[in-house]
Amino acid sequence: MTESDDRLAAMERRLQQDLDEIASLGRGGVRVDPGKGPKAVVKTLRESADRLGFASPIDAATHVLRRWDDLPSPGDGNPIPVYHASASETVRAGRARTEKMSGGTLGLVFERRVELTPLATMTLATRVTLDSDGTAHLADHGRPAPPIRPVHDFTGTPEELLESARVDLSDPEIPLERSLLLLWGARIGSTELVGTQEQRLLVAEGAAVRGGEIRVLLDRAEQAAASPTEEWYTACLYRSLLENLFEGFLGAVTFSLVDPEDIDGVDDELRRRLPEAEDAAPGAVPSGVPEGHWWWRAPFTRS
């Protein structure tokens with residue numbers, strides 16, 4: 001057996017393990033009566049939230065893999081039950097709205113706010129589709145895709161957000177994205193430079209040792225830009241998180257961590273694809289976005 005065969009066999013074993021784990025959740029599906037009206041449908045879905053599953057095990061495994069990082073604190077445990085539990089809790093406790101679908105399928109979106117830190121929250125959304133025969137199943141869970149209002153809210157002052165980000169950056173167990181979100185909250189919450197010179201230097205030092213995570217976020221920005229219909233917000237957010245770090249803290253150190261051509265490549269993709277984001281909503285753009293972060297305007301300046 002070749003090395004390629006070994007890798008393929010390992011991937012197949014891992015997929016089978018995931019499918020077995022999904023089957024063990026016992027999410028056999030939910031049936032509702034669409035004729036009873038939206039309120040009754042929502043009530044049934046909330047009461048049966050722990051039995052909602054995706055249309056197929058493969059579909060479930062794909063969503064867990066693709067959307068796992070959307071969860072506020074995914075951790076290192078088994079993602080499959082955690083992801084499904086988060087989806088169910090969003091159906092059970094979230095605000096519901098209907099969504100237009102094609103082919104006689106009804107869509108319902110449930111949204112709830114979850115805490116990232118004591119100073120920041122985000123929206124999680126679970127999409128449920130209801131077929132004409134009354135079969136309901138999960139269609140998506142994670143950040144709203146696409147959102148119609150800002151996904152992240154910040155409750156602290158810009159100074160508090162900056163200091164919290166500085167502390168978080170010193171802990172390698174805390175994902176870099178969370179720290180950069182706090183820095184972003186500080187940036188859009190103030191028209192002036194926030195923090196002392198020492199604080200900003202410590203932020204730069206904490207970020208400079210996490211070049212691998214920075215490059216991962218840059219890759220994710222490019223991948224999101226390639227799917228502008230659903231991922232325009234994620235593409236713009238990651239690009240702003242990085243630009244805020246590069247411009248406001250790292251300066252020239254940036255180019256010892258990332259290749260300038262990689263940044264240019266992301267920007268080229270954003271310029272090319274964001275005008276295609278027809279579902280982008282102006283109301284989802286955060287207030288206070290700096291003028292130089294042109295990508296937030298790109299979906300709304302189509303020729």
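Helices are DSSP runs of H or I with at least four residues, strands are runs of E with at least two, and both are numbered from the N terminus. The model is predicted, so that local features need pLDDT of at least 70 and side-chain atom pairs count only at pLDDT 80 or more, whereas totals for chains, interfaces and linings use all residues. Residues are numbered from 1 along each chain as its sequence is written, and side-chain values use heavy atoms, with hydrogens and water left out.

The patch is formed by D219, E222, D259, E261, D262 and D264. Patches are made of residues with over 30% relative accessible area and no salt bridge, like charges being joined within 9 Å. At least two residues of the negative patch come from each of α8 (211–225) and α11 (260–273). D262, found in helix α11, is partly exposed because its relative accessibility is 43%; the class lies between buried (under 20% relative accessible area) and exposed (over 50%), with a 1.4 Å probe and protein chains only.

Helix α11 also contains E269 and R272, three residues apart, or about one turn of the helix. Their side chains meet in a salt bridge with an N to O distance of 3.0 Å, a salt bridge being a side-chain nitrogen of Lys or Arg within 4 Å of a carboxyl oxygen of Asp or Glu. E269 is buried, with a relative accessible area of 14%, whereas R272 counts as exposed at 51%. A salt bridge of 3.0 Å (N to O) also joins the side chains of R273 and E276; R273 is buried at 17% relative accessibility, and E276 is partly exposed at 39%.

By this rule the count comes to 25 salt bridges. One of these pairs D140 with R127, whose closest N and O atoms are 3.7 Å apart. The pair links distant parts of the chain, with D140 in strand β5 (residues 135–142) and R127 in strand β4 (residues 120–130), 13 residues apart. D140 and R127 are both buried.

In helix α3 (residues 57–67), the buried residues are A60, A61, H63, V64 and R67. These residues lie on the same side of α3 because they cover an arc of only 165 degrees around the axis, the arc being that of the directions from the helix axis to the C-beta atoms.

G28 lies in the loop between α1 (3–24) and β1 (30–31) and is exposed, with a relative accessible area of 79%. The C-alpha atoms of G28 and F54 are separated by 9.3 Å, the two residues being 26 residues apart along the chain.

Notes:
Patch = residues over 30% accessible without salt bridge, like charges linked within 9 Å, V, L, I, M, F, W, Y side chains within 5 Å. Areas by Shrake-Rupley, 256 points an atom, 1.4 Å probe, with all protein chains shown as cover. Lys, Arg positive; Asp, Glu negative; His and termini not counted. Charge placed at Lys NZ, Arg CZ, Asp CG, Glu CD.
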